[in-house]
Amino acid sequence: MARILHFVSVIMSNSTTHTFQAEVKQVLDIVAHSIYKDKDIFLRELVSNASDALEKLRYTQLTEKDVFEPTRELAVEVSTDEAAGTLTIADSGIGMTREELVENLGTIAHSGTKAFLEKVKESGGANENLIGQFGVGFFSVFMVADEVKFYTRTWRAEGESLCWTSDGNGSYTIEDAGEALPRGSKLVIKLKSDFKDFSKKDKVKEVLERYSKYIAFPLKLDGEKLNTMQALWLKNKSDVTEQEYKDFYKFQCHAWDEPQDWMHFAADAPLAINSILFFPTHNPEAMGFGRAVPEVSLYCRKVLIDSEPKNLLPEWLRFMKGVVDSADIPLNISRETLQDSTIIQKLNRVLTKRVIKRLEERAKKKPEEFAKFWRDFGNYLREGIATDFDNREALAPLFRCESSILDAGTLTSLPEYVERMKDSQKEIYYLVGANREAIESGPYLEAFKARGIEVLFLYDGADDYVMGQLGTFKEKSIVSADSADIELGDVPQTGTGEPLSEEKMKTLCSWFADTLGKEKVAECATGTRLVDSPAVALNPDKFMTATMRRMMKLMSKDAGTPDKPVAVKIELNPRHPLVHKLDTLRDANPELAKLIAEQVLDNTLIAAGLLDNPRGMTQRIYELLGKL
Ligand code: ADP
Ligand code: MG
């Protein structure tokens with residue numbers, strides 16, 4: 001009977017109990033038991049949420065007619081009650097519906113929180129610094145709370161007055177608030193006995209004053225107004241301290257790292273712009289989080305238009321964070337229309353130019369720092385070079401890589417390479433390989449080395465494509481050093497003996513090609529660039545490098561077409577003893593000569609990274625060994 005009554009009362013008050021998503025439980029567990037010293041951050045997170053809710057409401061008011069309590073002041077009101085040991089944070093923002101409460105406060109969408117959990121896993125347990133570093137959003141309230149009541153009423157005309165309650169131990173309830181609530185949210189925090197300080201006005205004031213300056217709405221503490229609401233990005237650069245930029249980055253951009261650099265600028269023409277843009281320290285895509293979303297918010301005279309505007313920056317700048325305020329943005333058009341408008345295109349052009357200029361300056365003034373940036377964020381710039389036609393030329397000088405004439409670990413650039421080029425050299429050469437050792441031990445480099453020609457070393461699979469897209473730099477073609485039609489001039493004489501006669505080589509080459517067949521060897525010729533190796537596989541097509549062939553092979557496999565071997569051009573070294581040997585064996589022992597020719601081909605394919613089935617080769621080596 002008692003159970004039935006309880007059940008009825010649950011239905012009457014429309015109360016439902018929910019369990020938190022597993023990841024939320026994990027976070028709550030870590031947060032509640034952390035001994036993190038800087039508990040203040042929970043207040044930063046909650047005020048930031050209140051401010052977000054107000055910004056969303058302000059935008060909603062621009063686009064929706066039917067907003068509940070349209071004339072209500074937009075503000076954050078914090079109040080302390082020392083006697084009750086509570087702290088209350090209220091806002092007149094968008095509020096939440098029942099579904100939104102479950103979605104937003106019962107599950108994790110917050111990317112910082114995901115990053116936090118990932119880090120916890122990585123470091124084998126929570127450590128107190130992590131929470132401070134990441135800020136785990138709303139859930140950080142449970143560091144200081146015994147119980148939290150979240151009262152909320154949505155901005156929609158039809159809406160419920162709700163109360164969400166939890167002690168942070170695995171579950172929460174949602175019930176009718178029992179009274180008609182005003183629009184927005186009110187968070188009542190019952191403080192743990194150790195943290196009753198946060199029910200004292202002085203303590204709370206001290207914390208709020210640090211963040212209040214980033215809120216574009218009145219912030220009141222026990223009725224007293226704390227801020228002047230001057231947006232940081234509208235201020236003069238010289239009036240903003242480094243700490244203020246860093247706080248702003250965390251507060252406004254929801255960032256959990258420190259910015260590595262930022263740019264604060266204002267412009268009048270061709271558009272009115274006031275902007276602060278941050279370069280984060282951590283690559284947001286580095287921890288396996290998938291594609292980053294652009295987090296440069298768009299404002300018009302301090303009114304947030306869109307927190308994740310599309311097309312404001314090119315795709316490859318999606319790691320940037322910050323604020324762009326332009327008084328030229330029309331307020332009455334939808335986000336969708338806006339993102340394709342000419343004004344957004346213009347902003348995009350101006351901002352991208354500024355960012356590139358900033359990177360150029362850094363590269364020039366602080367090369368070490370820029371090298372680190374390239375290592376962490378180079379992929380975005382590579383993407384820019386490959387895909388952003390308008391900015392390709394400006395981006396190319398920022399490309400960094402190692403080179404054959406510099407020490408391992410030292411990065412160089414295309415302008416530096418061109419500067420070092422001898423007059424006789426017409427093209428820019430590069431080789432792609434897994435690492436420096438792989439390239440240096442391969443057969444492609446020796447001809448360039450022998451002539452003192454510098455070759456750029458690229459280790460990223462995408463570099464080949466990037467170079468292909470770039471094509472030229474300062475009117476010099478960029479060419480993979482494994483292409484067939486490179487004119488390097490005469491081979492310098494090295495100690496490998498007399499060359500076979502031209503005629504002998506001709507016959508040997510056609511024998512080699514015939515013996516191995518057209519589908520494997522497209523062409524065989526006397527090598528002009530070999531020094532120490534007997535043979536090398538070259539790309540018959542200058543614009544189709546080995547890496548690109550490998551990629552195409554992979555794709556054709558995916559497409560279900562049978563795996564065809566790639567035909568290569570083989571060059572034989574007329575001075576090499578093995579080539580001499582092959583020439584005599586050809587008549588003396590054709591069977592053995594064929595085996596050797598096959599093995600020579602496979603060796604060149606291995607060096608080119610084009611051999612994908614070594615099984616036949618092992619068999620052949622045993623056969624060769626048997627002939628000893
Ligand atoms: P984040 O702010 O990064 O999204 P939080 O954990 O701080 O993550 O908040 C989770 C979500 O809860 C927010 O995205 C928002 O949808 C909702 N929320 C939190 N506080 C409020 C509030 N005061 N008013 C309306 N919605 C809120
Ligand atoms: Mg938040």
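Colleague: How do E4 and E5 pair?
Modeller: E4 and E5 are antiparallel, with six bridges; two strands count as paired if DSSP finds at least two bridges between them. Strands (E, at least two residues) and helices (H or I, at least four) are DSSP runs, numbered from the N terminus. This is a predicted model, where local features need pLDDT of at least 70, side-chain atom pairs count only at pLDDT 80 or more, and totals for chains, interfaces and linings use all residues. Residues are numbered from 1 along each chain as its sequence is written, chains are lettered from A and ligands numbered from 1 in the order in which they are written, and side-chain values use heavy atoms, without hydrogens and water.

Colleague: Which residue in E5 is the bridge partner of Arg153?
Modeller: Ser161.

Colleague: And what about E5 with E6?
Modeller: E5 (residues 161-166) and E6 (residues 171-176) are antiparallel too, over five bridges. Cys163 is opposite Glu175 of E6. Four residues lie between the two strands of this hairpin, and Gly168 has a positive phi near 75 degrees.

Colleague: Is E5 buried or exposed?
Modeller: Six of its six residues are buried, so E5 is largely enclosed by the rest of the structure. Buried means under 20% relative accessible area, exposed over 50%, and partly exposed in between, with a 1.4 Å probe and protein chains only.

Colleague: Which residues point which way?
Modeller: Ser161, Cys163 and Thr165 go one way, Leu162, Trp164 and Ser166 the other. In a regular strand, side chains alternate between the two faces of the sheet.

Colleague: What is the strand order in the sheet?
Modeller: E1-E6-E5-E4-E7-E3-E2-E8-E9, an open sheet of nine strands with mixed pairing. E1 (16-19) and E9 (224-225) are at the edges with a single partner strand each, so one side of each has no neighbour in the sheet.

Colleague: Which strands does H3 lie across?
Modeller: H3 (residues 41-63) lies across E2 (76-81), E3 (86-91) and E7 (184-191), at about 20 degrees to E3. Axes are lines fitted to C-alpha atoms, for helices over the stretch in contact (heavy atoms within 4.5 Å); angles run from 0 to 180 degrees between N-to-C directions.

Colleague: Changing topic, how many residues of H8 are buried?
Modeller: Eight of the eleven in H8 (residues 242-252). Among them are Tyr245, Phe248 and Phe251. The cover includes H3, H7 (201-212) and E10 (259-267). His254 follows H8, with a positive phi near 55 degrees.

Colleague: And how much of the chain is buried?
Modeller: 50% of the 628 residues.
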